[in-house]
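Please look over the sequence and the model below before reading on.

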Amino acid sequence: MTRHSPAWYALRRTLPPWRFDELLAELIAVLPRYQVDEVIVMVDTEEFFHGHPTPDKVREYARNLVKVRDALTESGVGYSLNPWVTRGHDDRRRHSADTLPGIQTVVSADGGHATCVACTLSPVWQENLRQTWRIYAETRPRVLWVEDDIRDFGAHECFCPLHLERFSKIVGETVSREQVTAAMVQPGKPHPWREAWLAMRSAISLEVLRLITGAVQSEAPQTRLGLMSSGPRNHCREERDWMLVAQALGAHDGQPIFSRPTMGNYWEWGPPRGLYFSQDSIKLTRHCLPAATIDYTELENVPFSRYAKSVVFTFAQLVVSCAYGARGTTLNLFDHLGTPMEDEPHYGRMLGARKSYLNALADRAQKPGVYRGLGLIHRANASIVKHLTPGQGLADLGEDGYPALEAFEAAGIPTTYDDAEAVFLCGQQARSLTDDEIRSLLAAGLFLDGSAAEILCERGFAVAIGLTSIESPAPLDSLGAFSAEGFTHPDFGGSPRDHMSAQLPMVNYTAGFALLRPAAGAVVIGNLLDPDALPVHPAMIAFENASGGRVIVHAWDYASAIGPVGVSFHGPVRQRQLQASVRWLCRDQVPVMARGDGAWPLVFRKDCGNESLVGLINLSLDPWPGAEFELAANDSPAGLSVLEPDGSWTPLAGDCCRIRNGVAHLMIERSISLDAPLFIRLQWQAGQSC
């Protein structure tokens, strides 16, 4: 294919056999108007899937797939393929044994038997997978996508006799399902079997991926494999080694795989701030995979109409995908029941109308470079080292970190998995780090929530973070009566009467708060207040340690203080506090922050050689009248331009940017809304550091 479109549209579409000719004709007619670059045909989809389709059933599909491929090729549109099932997403009352006699299905931790979802060790399922994927490959798709039902956690985690037999050989004794599940969720220090069990499952997953790759490449060596995934924090629960996964799918020098990170937000369940998750999913999944991987984000719309997702929100998701450098977006916008796309034409009209704008944005964002911001931590061993409490289960083994990052993103402070001037640690993330890694962080800039601070104290780093001791985060209602969190220190965004409700996350007292005992030299910059507004417990401290590193400790356990609906954590005074704290950690050289007359900003900066791309996407329904960006810069930019709705870049007057003490203050006065985000190009002199 010679087509080049930075904002690559890959439409996921099902053409059911009972309406095939009509839908294919519509597809060929409307794709030019939608400016779609590629169609990912889906088979055995959603409500009409057959469990595990047999080779005979797949040969039926293949006859129509070849017709679609040929029609698309004639129209200059790419053809790719997305089977709906590998292991099966859920049983949905399907019974695999009816068509695959002898299949081993999943046995759950509580002993329940799935009727459709396959065990990865099932020989019958493996052989059926091998045969059906060879037939799929015979249709010569550009990319053959593996769905995320290849995962090995949640409903897909299997404790069947095949798994137990293999594990028994590993540990050298006969084990039962009850013994393994109890070991997996043992409170406190992890049981040694947890690591062994996760390592075994990881190895089995790689065996299955190699089986798929071998089947495809035996028939279509030029077809690439693509992998949909469910977020690295979840995949820690199966100890996924992303580099080995990429290799198993055929990645090598000059032959990258395709990645489809989920953007979540399958429907508009609430305000647009769900896009904080979307941008993080893109960045984190990319961080885990080989650098050459081609990522196409997954934009879903369930159940496929404007009742589920507005056109404006869909456009905002496309903007996020392009701004964070994805090479394309897979569009699951229309149902899989055979409804014509033109029955809901508004999405297609938007795709065509906004293509030039998105192309211009993607063209800049895809240039090689780094995203700047407050550093975040991810480690694949998070589930191995995590300590559980009584009553917690397998689902609690996921890696900490989200929604805590929302605290900073919502304050106009972007986050990154690239190298950063300051790093944020929360929850149990520190358990994944070596002592040397911790010392390195402590010698620079480090922001800790109460849970992370407790772990560092346990490991002997209390002196380096400005504490003599700490008590574990506990629900507020167990600590006394409190009215608010006070923000008193003027150097950290506060004043004597700046208060925020301590009733978190939603007018209750369940949020965890650690009792800090500051050491000499630590500066208390906020307190929990009693009903008379008198300080009771330190809420935030700042400390410069003997290594010259700077540390902020915030006593809240961020996961419970923010949570999925923790809106009372956020506010203008919180924004000032967090921005001042990060500025202090970065010694006034913040990569980028933004503020203005509005709420819920999503801000980013990407440095690409002698150019920086800075943006603000407004995740509120109220327009911002403008924005001020603060970013480290050694000198004034040589050129400034703003992205216009038609996709052109218009020069900005130089006086909108002022440089003071190595910091650029960029003032932009124009309305910023969900469907009219702001993107600025800053061009630097050759050799100028940005």
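Predicted model: local features only at pLDDT ≥ 70, side-chain atom pairs only at ≥ 80, totals over all residues.

In soluble globular proteins, nonpolar side chains tend to be buried together. Here the largest nonpolar core holds 163 residues, and those with the most contacts inside it are Phe408, Leu448, Ile465, Trp556, Tyr558 and Phe679. Helix H10, which spans residues 311–323, gives this core its largest share, 9 residues. A second, separate core has 24 residues, among them Val106, Phe159, Val180 and Leu388. To return to Ile465 in the largest core, its contacts beyond the neighbours within four places in sequence include Leu442, Leu448, Ala453, Leu456 and Cys457, as well as Ile541, Phe543, Val551 and Val553.

Leu337 belongs to the loop between strand S10 (328–332) and helix H11 (346–353), and it counts as partly exposed because its relative accessibility is 38%.

The backbone also deserves attention in several loops. Val302 and Pro303 are joined by a cis peptide bond, with omega at about 5°, and Pro303 is found in the loop between strand S9 (294–300) and H10. Asn265, in the loop between strand S8 (258–261) and helix H9 (275–288), has a positive phi near 50° although it is not glycine; at 7% relative accessibility, Asn265 counts as buried. Trp600, likewise not a glycine, has a positive phi of about 55° and lies in the loop between strand S23 (593–595) and strand S24 (601–608). Because its relative accessible area is 16%, under the 20% limit, Trp600 is buried.

Key
Residues numbered from 1 in each chain as written. Heavy atoms only, no water. Helix = DSSP H or I, 4+ residues; strand = E, 2+ residues; numbered from the N terminus. Buried < 20%, exposed > 50% of the residue type's maximum accessible area, 1.4 Å probe, protein only. Core = buried A, V, L, I, M, F, W, Y, C linked by side-chain atoms within 4.5 Å. Contact = heavy atoms within 4.5 Å.
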